[in-house]
Amino acid sequence: MAADLTLGFSQIGSESGWRTSETESIKAEAERRGYDLKFSDAQQKQENQIKAVRSFIAQGVDGILLAPVVETGWDQVLKEAQRANIPVVLIDRGVAADPSLYLTKVASDFKEEGALAASWLAAQTNGRCNIVELQGSVGSSAAIDRKTGFDSVISNFPNMTIIRSQSGNFTRAGGKEVMESFLKAEGGAKNICALFAHNDDMALGAILAMKEAGIKPSKDIIVVSIDAVPDIFKAMADGEANATIELNPHLGGPAFDAILAHQKGENVDKWIKANGPLYLPDTAAAEYAKRK
Ligand code: GYE
């Protein structure tokens with residue numbers, strides 16, 4: 001029997017624990033519903049994503065899920081999908097294209113996440129803190145908007161300053177390497193009050209760098225990050241991280257429902273939001289037990 005829906009999913013890659021969970025969750029949800037999901041891993045390259053979308057169009061799929069690695073450069077291929085009458089759902093990141101070119105976006109509000117991290121940090125430090133920042137992949141909406149949201153809050157606090165900021169590509173290895181360079185730079189650890197990492201994986205890499213340099217993460221340097229992957233709860237339970245903001249990886253259900261609604265001629269919101277709360281060490285051991 002043919003599947004109800006045949007869909008294409010162009011995934012960015014597997015840079016973080018969060019993304020691996022997202023991939024598994026979306027595949028499992030498609031299987032549960034009996035859909036035929038064609039999966040393509042772009043290995044972090046936009047050109048591979050564009051090729052994948054074109055191949056999904058050529059195969060005449062019923063809909064396309066696209067997790068856009070960067071924000072710009074999508075207009076042409078989105079127009080091609082539209083001309084073929086194939087709805088595109090943006091998954092977890094956004095694009096800088098006219099919203100009429102896609103059906104909807106299922107993602108959190110990254111600016112809100114950044115702002116939440118900054119407000120929490122301001123409260124912790126009485127608005128006095130030298131911050132180092134590990135940015136996500138350059139050009140990604142997740143990195144651009146998390147930074148914008150964070151900056152918008154700390155700009156209200158004259159004594160909160162980002163003293164160093166660099167991309168760690170959303171990876172553990174990248175987070176570790178960049179944190180090592182932050183610690184070696186002039187002023188070193190003594191001058192750093194907190195780390196804001198655009199995702200947990202980079203924070204986990206940075207925690208390793210701190211430990212190797214004889215610095216106590218969470219005590220000598222406050223660590224706040226985003227995603228809420230199991231390992232950051234373990235780090236919080238072990239007293240090595242301070243806060244994380246949850247991003248739900250189960251985005252397949254709402255994406256598939258949007259395509260079904262569109263097929264029925266129903267109106268679909270342009271942005272289906274998936275924001276989560278901030279977690280602290282007090283519940284970390286229990287959260288880790290639930291999630292690992
Ligand atoms: O936070 C990070 C990742 O786009 C929301 O991408 C996503 C981000 C997520 O790899 O871990």
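Predicted model: local features only at pLDDT ≥ 70, side-chain atom pairs only at ≥ 80, totals over all residues.
**View 1. Helices α4 and α5 cross each other**. Let us begin with two helices: α4 covers residues 110-125 and α5 covers residues 141-154. Their axes come within 7 Å and cross at roughly 40°, which makes α4 oblique to α5. The crossing of α4 past α5 is right-handed. On the α4 side, the contact is made by F110, K111, E113, G114, A115, A117, A118, S119 and L121. On the α5 side, the residues in this contact are S141, A142, D145, R146, T148, G149, F150, V153 and I154. Sorted by class, the contact of α4 with α5 has nine nonpolar, five polar and four charged residues.

**View 2. Y35 and F256 form an aromatic pair**. Searching the whole structure turns up four aromatic pairs, and here is one of them, Y35 with F256. Their arrangement is edge-to-face, with 5.3 Å from centre to centre and 75° between the planes. The partners come from distant parts of the chain, 221 residues apart. Look for Y35 in the loop between α1 and β2 (36-41), and for F256 in helix α9 (residues 252-263). Both Y35 and F256 are buried.

**View 3. F233 and Y279 form an aromatic pair**. This pair is edge-to-face, with its ring centres 5.3 Å apart and an angle of 80° between the planes. F233 belongs to helix α8 (residues 230-237), while Y279 belongs to strand β12 (residues 275-279). The pair links distant parts of the chain, as F233 and Y279 are 46 residues apart. Here, too, we find that F233 and Y279 are both buried.

**View 4. M179 is a buried residue** **of helix α6**. Helix α6 spans residues 172-184, and M179 is found in it. With a relative accessibility of 0%, M179 counts as buried. Setting aside neighbours within four places in sequence, you can find M179 in contact with V132, L134, I192, L195, A206, A209, M210 and I221. For a sense of scale, M179 and G168 are 8.8 Å apart in space, C-alpha to C-alpha, and 11 residues apart in sequence.

**View 5. T23 is a buried residue** **of helix α1**. To finish, follow helix α1, residues 17-33, until you reach T23. T23 counts as buried because its relative accessibility is 11%, under the 20% cut-off. Apart from its neighbours within four places in sequence, T23 is in contact with Q11 and F39.

Note on methods:
Residues numbered from 1 in each chain as written. Heavy atoms only, no water. Helix = DSSP H or I, 4+ residues; strand = E, 2+ residues; numbered from the N terminus. Buried < 20%, exposed > 50% of the residue type's maximum accessible area, 1.4 Å probe, protein only. Contact = heavy atoms within 4.5 Å. Axes fitted to C-alpha atoms, helices over the stretch in contact; angles between N-to-C directions. Parallel < 35°, antiparallel > 145°, perpendicular 65-115°, else oblique. Left-handed = near helix turned anticlockwise from the far one by under 90°. Nonpolar A, V, L, I, M, F, W, Y, C, P; charged D, E, K, R; others polar. Phe/Tyr/Trp six-rings, centres within 6.5 Å; stacked < 30°, edge-to-face > 60°.
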